[in-house]
Amino acid sequence: MAGWIYFLRAENGAVKIGFTVTPSSRLVSLQCTYGPLEAVATIPGTVDTERWLHEKFAFCQIEGEWFRESDALSAFMRPLGVHPSFLESHRKNRKGGGRPATIRHVKNYPQCPCAKCRARRRVIA
């Protein structure tokens, strides 16, 4: 099943790499458990993509889906940004309650084929 791979940073600096079909509701549920989380990046993917990322960054794995932010992990996340649909769905979700997401930055999302990102790339180019 296609969905989103998300990278969330906790206050202690640990990064959670996970998969979801509904990023905004997943973020809210995680914040209820772990406190404020910073959405660092999202990429389209599947559970296989998530598994591959866990293997790729196994050298900095703390436990489960949580990873220490190494130079390699930072370099991987840096150019990705947070997909606009993640933020829009979270805005809708915030009206109904839950903790708001902490969004550090939103960049153009060059890998995404959706109409919103294609339009943004045309405006920026």
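Two residues are said to be in contact when heavy atoms of each lie within 4.5 Å. By that rule, residues 24 or more positions apart account for 66% of the contacts in the chain with a separation of 6 or more. The structure is a predicted model, in which local features need pLDDT of at least 70 and side-chain atom pairs count only at pLDDT 80 or more, while totals for chains, interfaces and linings use all residues. Residues are numbered from 1 along each chain as its sequence is written, and side-chain values use heavy atoms, with hydrogens and water left out.

**The chain as a whole**

- The secondary structure comes to 5 helices and 6 strands, where helices (H or I, at least four residues) and strands (E, at least two) are DSSP runs numbered from the N terminus.
- Read from the N terminus on, the elements follow the order β-β-α-β-α-β-β-α-α-β-α.
- Of the 125 residues in the chain, 43% are buried, a term that means under 20% relative accessible area, with exposed meaning over 50% and partly exposed lying in between (1.4 Å probe, protein chains only).
- The accessible surface of the chain comes to about 6800 Å², and 55% of this surface belongs to carbon and sulfur atoms; such areas come from the Shrake-Rupley method with a 1.4 Å probe, and for residues only the protein chains shown count as cover.

**Strand β1 and its partners**

- Because 8 of the 8 residues of β1 are buried, this strand is largely enclosed by the rest of the structure.
- Strand β1 is joined to β3 by 8 bridges, and the two run antiparallel; strands are taken to pair if DSSP finds at least two bridges between them.
- Within that pairing, Leu 8 stands opposite Ala 39 in β3.
- Strand β1 also pairs with β2 in the antiparallel sense, over 6 bridges, and the bridge partner of Ile 5 in β2 is Phe 19.
- The hairpin of β1 and β2 has 4 residues between the strands, and in this hairpin Gly 13 takes a positive phi near 95°.
- Ala 2 lies in the segment before β1 and is exposed, with a relative accessible area of 62%, yet Ala 2 touches Phe 19, Val 21, Gly 45 and Thr 46, not counting residues up to four places away in sequence.

**Lys 16, a buried residue in β2**

- Lys 16 has its place in strand β2, which covers residues 15-20, and is buried, with a relative accessible area of 5%.
- Leaving aside residues up to four places away in sequence, Lys 16 touches Tyr 6, Phe 7, Leu 8, Arg 26, Leu 30, Glu 65 and Trp 66.
- The side chain of Lys 16 makes a polar contact with the side chain of Glu 65 at 2.3 Å, a polar contact being a pair of N or O atoms within 3.5 Å; within protein, one atom must be able to donate a hydrogen and the other to accept it, and residues adjacent in sequence count only if both atoms are side-chain atoms.
- Lys 16 and Arg 68 are 52 residues apart in sequence, and their C-alpha atoms are 9.0 Å apart in space.

**Nonpolar cores**

- A nonpolar core is a set of buried Ala, Val, Leu, Ile, Met, Phe, Trp, Tyr and Cys residues joined through side-chain atoms within 4.5 Å.
- The largest nonpolar core has 15 residues, of which Ile 5, Phe 7, Ile 17, Leu 53, Phe 57 and Leu 73 touch the most other members.
- The elements that give two or more residues to this core are β1 (3-10), β2, β3 (37-45) and α3 (71-77).
- A second, separate core has 10 residues, among them Tyr 6, Ala 10, Leu 37 and Val 82.

**Aromatic pairs**

- The count comes to 4 aromatic pairs, where rings of Phe, Tyr and Trp (its six-membered ring) pair if their centres lie within 6.5 Å, and planes under 30 degrees apart count as stacked, over 60 as edge-to-face and the rest as tilted.
- Tyr 34 and Trp 66 form an edge-to-face pair, 5.0 Å centre to centre with 65° between the planes.
- Tyr 34 lies in helix α1 (residues 23-34) and Trp 66 in strand β5 (residues 66-67), so this pair ties together parts that are 32 residues apart in sequence.
- Tyr 34 is partly exposed at 45% relative accessible area, whereas Trp 66 is buried at 13%.
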